[in-house]
Amino acid sequence: MSGPNILEALDVSDGSRRQDDSPRQLSTVRGPSDTVFRVAAHGGGVLVLSIMTLVGLFLAVRGAEAIASAGPSFLTEQDWEPNSGRFGIAAVLFGTVAIALIAIVVALPLAVGTATYISEYAPLGLRPLLVGIVDLMAAIPSVVYGLWGMFWLEGAILPVAQWISTYFGWIPIFNVPNFNPGDPLATPTVFTASAFLAGLVVAMMVAPVAASIMREVFAQAPIGEREGALALGSTKWGMIRSVVYPFGMGGMIGGAMLGLGRALGETIAVYLVISPVFVIQPHILQTGSNSISSLIALRYGEASPFELSALMAAGLVLFLITMLVNFGAGIIIQRSRSGAAS
Amino acid sequence: MSLQRIPRWGVARVTVALLGLALIASGVFGAAGALPAYAVGTVHSPIVGSGSTWSANALQAWIRNVWANYQWKITYSESGSTQGRNDFANGTSDFGVSEIPYAIANSNEADIRPSREFAYMPIVAGGTAFMYNLEIGGKRVTNLRLSGDTIAKIFTGVITRWDDPQVKVDNPALVLPSIPIVPVVRSDGSGATAQVSIWLRQEHAGLWDAYCPKVGRPLVNDHCGVTSNYPVIPGSGFVARSGSNGVAGYVALPHAVGAITFVEYSYALNSGYPVAKVLNGAGYYTEPTAQNVAVGLLSAQINEDTASPEYLTQDLTNVYTSADPRTYSLSSYSYSILPTALGGSFTENKGLTLADFGAYFLCEGQQSAEVLGYSPLPINLVQAGQKQLQKVPGGNPVIKGITDCNNPTFSPDGSNKLANEAPYPADCDKQGPTQCTTGTGGAKDTPTGAGAATGPGAATAAGDETGAGGGPAAGDGQQASGSEGVLDAETAPVIVAASPQSIPVAAVSLLPSLAMAGFGGGLFAFSAIPPILGKRGRTSLLPDPADGIADTSRGLTRS
């Protein structure tokens, strides 16, 4: 009784297949929970991207007035006197990059060492405690680091700065023009509030962030290769050099660059420590430095509309640089992970 | 009976329940008692202020006092005068505090008067002190003296070392070390900077004008302009820090030997560091004590034109050159910027708080000014300030007269009592070959020792200190006449007049009352509800098995 019906059905299906050979449309009927999840997930992604874009647009629109007024000299002028029409980010940008570089130069060995010790050498019982301490360091608010740098580290670091300047003063960046090592009465005040000090304080904030990324990457170095290296007669340090570091290279670079991104944008700690000057200051041990974010923190509250526009323009530059650094870090981490897995 | 019965209302439970009831009662009656303390139909809304760090120490002390005594919530953020004026103009704060008015003449900055309606009211006087950190042979110097010209040269980068001959002339008794001077200036927009730059422009125009081209500032009306942002020559050894706390904190660092900054006297007192005595028009080096500031400000010209937008603002030209030997040259007033119209977030309730706060500090608050390192306002400014306060919408300030204001400068004849009683400076403070060894500022009790002071003036200090006090100060009972010399009216123990004079009965305010009643209710419920609703309570409502039998038997017998 059902025989002809089946044949008809087959016939129909054959006919349709003959007419057009495209794959059939798969219609998915999603349940309400699926729909809600998809909307939420898509919405979150879109929202983050649109907020980022809007922040950039906002800075560009608000800063347009100042950039238009200053013209190309905005990138080359060192002084910051928006009321006189003379303002540019050359000095503050240089200071920002200098402080960030000092921070990363100090933080990188510190972070690599910490991560290596925790993931390879530390006794198993001690490991969770050390991980906790490093994470805690990352969680300390930056204003606390700033106060620490201002009231304690500055005094403690002066002899170091003096020593570097005395013996390595022939290297231009370590030279301090006002300092005469031969003068027994020379005061160390010429070394206070320097880019070096700000860099050290920022390094203390950057190191834990970089260290926890590196530690996770080191822990992922494959056990087979580790054992292989040891079986071939390698020492533990040899194994770390030949297996852990090559596998973790991407993580090390990525962690350093994420740290750099944070160092570039660090505001309040730098604001508390430095003595702002508006000139390209290549002598990193000498009093006086500056950074874009601390300039904004210092001046936004008291700015006239035009000064505010100039600060927005400076903020736009910082936004772009930080975004570049973070995207670079993201790309490097992504590539290295695919490479490590193969 | 075999069933163990715990009494439903044990001693502990009854106690807790009674305590709960007592708390509810006191909470309710306390709140009822508190209600009449508020003005009829209006409440004291919290207000927010912003501005000067120069006068912040006084304001914060007053704010703590009114909070402790009246529960008026006032938040003051110490962000610098420039930001204070800006925040007020933008409507983000209910009142501003600034050392200079809007749009001050000859300024580098575009500081436009706000569209918001406002009035200036003086809040407190004080001296911009030169706090320093200097050591000679490991011993701290506390008796440094500087002439105005020397200060101007230090802060324009002309004098860069402490052993400069000009500094030596000011300090004949000190063997100054050959170390660099580190001038510490404000990096944020500051009223103290503006006051110093006005002084530099008026009194040391040559030095100030020569400084402008070095820092790339244009001249304003042929002279280097008045500025709130101190310009610094890059690489010159100047240090810039934000906020009064920032500059004072830097100078007070143990390693910052050689640093000097300008900051309100109170910051030097708080950090325990000395301030430089500044040469005044009469040839004496004076310290910015409350008395010296009060004397100096007798020469201040106040704008008395009520129609002027600058009404009550100060012109200090004559203070800089005052011929009274007790004058401190860099004395000035600080101002509050009051809103005179409702609008934005400013409501009548906020006006009530602001006006009452102002009425409090113009009278009672001024008592603590001296202890805090400021100088109380004289009577003419208090009376003018009270008039300004009445313009605040929603306010109903209590205007007090001479008799009940409790301001230490008031005297029945209207003259400034504090200035009348100010001691004359000691002979060793006169310009010349002698120099007092007594300490200054926060290091008052630390005389500069013989190790540092080896010059001819050192010996004359002790004993001479009070010698010149023979003027109007003679009647002051606190004046030490002992041989110590260092004990004068300033070093005598000071009593902190921290509490206002006319506090209403400290009633419990609404929130604590509610909390108390709530807590009592909780306690009562905790103790009373279980016996009533609990299983044990319900079972106890049932007839006891044994009694039940008896009952039934009784019933049976009855029936």
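Helix α7 of chain A has a kink: α7(A) bends by about 30 degrees at Met204(A), with a proline, Pro208(A), following within four residues. The bend here is the angle between axes fitted to the seven residues ending at a residue and the seven starting there. Keep in mind that this is a predicted model, where local features need pLDDT of at least 70, side-chain atom pairs count only at pLDDT 80 or more, and totals for chains, interfaces and linings use all residues. Residues are numbered from 1 along each chain as its sequence is written, while chains are lettered from A and ligands numbered from 1 in the order in which they are written.

**Helix α7 of chain A and its partner**

- Despite the bend at Met204(A), the 25 residues of α7(A) reach 35 Å from first C-alpha to last, close to the 36 Å expected at 1.5 Å a residue; the expected span is 1.5 Å times one less than the number of residues.
- Helices here are DSSP runs (H or I, at least four residues) and strands are too (E, at least two), numbered from the N terminus.
- α7(A) is mostly covered, with 23 of its 25 residues buried; buried means 20 or more other C-beta atoms within 10 Å of a residue's own, exposed means 12 or fewer, partly exposed is in between, and C-beta atoms are placed from the backbone.
- The axes of α4(A) (residues 90-121) and α7(A) (residues 195-219) come within 5 Å and cross at roughly 40 degrees; axes are lines fitted to C-alpha atoms, for helices over the stretch in contact, and angles run from 0 to 180 degrees between N-to-C directions.
- The residues in that contact of α4(A) with α7(A) split into 25 nonpolar, five polar and two charged; Ala, Val, Leu, Ile, Met, Phe, Trp, Tyr, Cys and Pro count as nonpolar, Asp, Glu, Lys and Arg as charged, and the others, Gly among them, as polar.

**Ala263(A)**

- Ala263(A) sits in helix α9 (residues 236-265) of chain A and is buried because 28 other C-beta atoms lie within 10 Å.
- Not counting residues up to four places away in sequence, Ala263(A) touches Ile99(A), Ala100(A), Ala103(A), Ile104(A), Val202(A) and Val206(A); a contact needs C-beta atoms, placed from the backbone, within 7 Å.
- Ala263(A) and Met205(A) are 58 residues apart along the chain, and their C-alpha atoms are separated by 8.1 Å.

**Where A meets B**

- The contact takes 30 residues from chain A and 34 residues from chain B.
- On the side of chain A that touches chain B, the largest share, three residues, comes from α6(A) (residues 142-168).
- That side of chain A divides into eleven nonpolar, 14 polar and five charged residues.

**Chain B**

- Chain B has 19 helices and 17 strands, and 51% of its 559 residues count as buried.
- Helix α3 (residues 81-90) of chain B has nine of its ten residues buried, and those buried residues pack against β1 (47-51), β3 (95-98), β4 (118-133), α6 (191-203) and β17 (331-339) of chain B.
- Gly373(B) lies in the loop between α13 (369-372) and α14 (379-389) of chain B, yet is buried, since 25 other C-beta atoms lie within 10 Å.
- Leaving aside neighbours within four places in sequence, Gly373(B) is in contact with Asn57(B), Glu264(B), Tyr265(B), Ser266(B) and Leu269(B).
- The C-alpha atoms of Gly373(B) and Gly126(B) are separated by 7.4 Å, although the two are 247 residues apart along the chain.

Methods. Two residues are in contact if their C-beta atoms, placed from the backbone, lie within 7 Å.
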